[in-house]
Amino acid sequence: MTRAVSSGGPWEDAVGYSRAVAAGDYVFVSGCTSVVNGEVTHEGDATAQTAQAIEHIAAALAGLGASLADVVSTRMFVTDITRWAEYGQAHGAAFGTVRPAATMVQVSALIDPRLLVEVEAVAYRGGA
């Protein structure tokens, strides 16, 4: 049995996906970006965009009874790997004590050219 939550974002219906899906004891959170109410926020600021993406992850996890403390893995897709410390600063602030397995890879582009980072996560919570 699975349960899903939506953020109501513009791309979920268009592409056909959920913000997060709980399957057994795991919660899988789709890639999150720095988009609020359909608008890109923190243009040009890699740290703030990463923090905003992680806030979206936290909200999705909460909707399925989990939290950032339950995250066991993250993936960061970034448009400029030379800015790794900026992305890492926000990631470390959110997950410094949790210390999930993490990957950061450079991609050629995200869905909007103003977006610098997309973050996805997997959480483990017994009974999620």
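Q: How many salt bridges does the structure hold?
A: There are 4 salt bridges in this predicted model.

Q: Which side chain does Arg 125 meet in a salt bridge?
A: That would be Asp 70, with an N to O distance of 3.6 Å.

Q: Is Asp 70 buried or exposed?
A: Asp 70 is buried, because its relative accessible area of 13% is under the 20% cut-off.

Q: OK, switching to strand 6. What does Arg 75 pair with?
A: Arg 75 forms a salt bridge with Glu 120, at 2.7 Å from N to O. This pair also links distant parts of the chain: Arg 75 is in strand 6 and Glu 120 is in strand 8, 45 residues apart.

Q: And how accessible are Arg 75 and Glu 120?
A: Arg 75 is partly exposed, with 30% relative accessible area. Glu 120 counts as partly exposed too, at 21%.

Q: Nice. What about Arg 114, who's the partner there?
A: Asp 112 is, and their side chains meet at 2.9 Å, N to O.

Q: Why does Asp 112 count as buried?
A: Because its relative accessible area is 14%, and buried means under 20%. Arg 114, at 33%, is partly exposed.

Methods:
Residues numbered from 1 in each chain as written. Predicted model: local features only at pLDDT ≥ 70, side-chain atom pairs only at ≥ 80, totals over all residues. Heavy atoms only, no water. Buried < 20%, exposed > 50% of the residue type's maximum accessible area, 1.4 Å probe, protein only. Helix = DSSP H or I, 4+ residues; strand = E, 2+ residues; numbered from the N terminus.
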